[in-house]
Amino acid sequence: MSARRHLVAAPLLACAAWLFSLGPRSAARADPPTQLAPAPAAVEVAIAETAPRGPRTVFRWVSPDGGARRVAELEHPTDASVKGAVAPTTGALYAVVDADDARDRSFASALYRLDEGAPPAVLARGVAHAASPVVTDDGAVLVERGAKGVESLDAAGKLAQRVDDLEVAEIDPATGASRPLLTWAGYSLHVAGALGRDALVYRIGPQGAALVSVDRRTRALRVLADVGPLARDFSVDHAAGAVVFSVRRRDGTARLVRLDLATGATTELAVTRRDPVPFTLAGGGVTWTDDAATVVSAGAGPSFSLPRGAFLRVKAGGGGWLAALVVPPGALPEPVLVPAGAGAPVPLPAAAGARVEILGLRAGGAK
């Protein structure tokens, strides 16, 4: 085996061995039947499965005992970005997927509602590429939309960063009616989360980069903090009224920061050489992946080792579990359920060779 092949194969084999060590995986990463009756389970996870460069995505509810129930199938351009969310109260599924095979896909995505036994319903178009929808406690869906600005040259004659016409829109999932919450002429708007009646938005433009709060009833805006242009992986602590995120620094390290939304006070939780991908836990703790590929927690939470170079991306939590992807270097992510306290991750069934995205989870089994 050549040195180059060895470098690629090593992390793949390490990840496979790690997942195999978690227990039997006869259903995991195997093609599930088209339709299975839902098996009794304490928790179900909604996943999207896309074949690499494939023209369609299949959405399913899966459970750790191997149960799988098909929800919908969506056709789209090849290499489409697929992001999604689960409504916290109803379990409804929503997805943002590239809908137009344009050369510039900046705003070529659409928001879909996915209902079992029905074709996907388009709720909004002109959605930002790779934007993750956020579902509020009262069932509204928040997405980023926009229109491309005019490209121009800077003083040195080089192509300047484009300023686009952007908005954060609140979508009624029943009718598709859209209401703008925030408009911005800038580089990016990102819905960082929702807390009660407030939408948390990370905005970047020529004026700077800040995390802001928008009252969804009045559209009143409050600047929470200037966080710099390289913040990412926002996770809202609903009980404490805080948000945790990472910020890249000029020296190549990343700061893990907790921001109190009421006072604007920040607390540094850790400094890492790579993005820690944090997630807030129901009990007030925070979990992330450190430089040694170990999942660690501030406060009560999971702690275990991953294959070298891998990290854990947690999508959602509930019922004492976290729905997450183990992301190894150079390999497809593996969906797992992680106990919110102590215990080893449990593999989830998914189609072999598919690119998997987690939309969310619900406790108590199928509804």
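Predicted model: local features only at pLDDT ≥ 70, side-chain atom pairs only at ≥ 80, totals over all residues.

Student: How much of the chain counts as buried?

Tutor: A residue is buried under 20% relative accessible area, exposed over 50%, and partly exposed in between, with a 1.4 Å probe and protein chains only. By that rule, 51% of the 367 residues count as buried.

Student: What is a salt bridge, and how many does the structure hold?

Tutor: Side chains of opposite charge can pair when their charged atoms come close. The term is used here for a side-chain nitrogen of Lys or Arg within 4 Å of a carboxyl oxygen of Asp or Glu, and the structure holds 27 of them. One of these joins the side chains of Glu 44 and Arg 362, at 3.3 Å from N to O. Because Glu 44 lies in strand S1 (residues 43-50) and Arg 362 in strand S28 (residues 355-363), this pair ties together parts that are 318 residues apart in sequence. Glu 44 is buried at a relative accessible area of 3%, and Arg 362 is buried at 9%.

Student: Which residue forms a salt bridge with Asp 79, and where do the two lie?

Tutor: Asp 79 pairs with Arg 53, and their closest N and O atoms are 2.5 Å apart. Asp 79 is in the loop between strand S3 (68-75) and strand S4 (82-86), and Arg 53 is in the loop between S1 and S2, so the pair ties together parts that are 26 residues apart in sequence. Asp 79 counts as partly exposed at 42% relative accessibility, whereas Arg 53 is exposed, with a relative accessible area of 57%. Elsewhere, salt bridges that share partners join Arg 232, Asp 233, Arg 248, Asp 275 and Arg 313 into one network.

Student: How do I read a sheet, and in what order do the strands of the open sheet of four strands come?

Tutor: Strands of a sheet pair through backbone hydrogen bonds, either parallel or antiparallel. Two strands count as paired if DSSP finds at least two bridges between them. The open sheet of four strands has the order S16-S17-S18-S19, with antiparallel pairing. Strand S16 (231-237) and strand S19 (266-272) stand at the edges with a single partner strand each, so one side of each is left without a neighbour in the sheet. Within this sheet, seven bridges join strand S17 (residues 242-248) to strand S18 (residues 254-260), and Ser 246 stands opposite Leu 256 in S18.

Student: Is strand S26 largely enclosed or open, and why?

Tutor: Six of the six residues of strand S26 (residues 334-339) are buried, so this strand is largely enclosed by the rest of the structure. Glu 334, Val 336 and Val 338 point one way from S26, while Pro 335, Leu 337 and Pro 339 point the other way. Strand S25 (residues 321-327) pairs with S26 in the antiparallel sense over six bridges, and Ala 324 has Val 336 as its bridge partner in S26. The two strands form a hairpin with six residues between them, and Gly 330 in the turn has a positive phi of about 70°. S26 is also joined to strand S27 (residues 346-347) by two bridges, again running antiparallel, with Leu 337 opposite Val 346.

Student: Which residues touch the most other members of the largest nonpolar core?

Tutor: In soluble globular proteins, nonpolar side chains tend to be buried together. A nonpolar core is a set of buried Ala, Val, Leu, Ile, Met, Phe, Trp, Tyr and Cys residues joined through side-chain atoms within 4.5 Å. The largest one has 32 residues, of which Tyr 94, Leu 111 and Ile 171 touch the most other members. Strand S10 (residues 164-171) gives the most to this core, with four residues. Apart from it lies another core of 19 residues, among them Val 236, Val 243, Val 247 and Leu 259.

Key:
Residues numbered from 1 in each chain as written. Heavy atoms only, no water.
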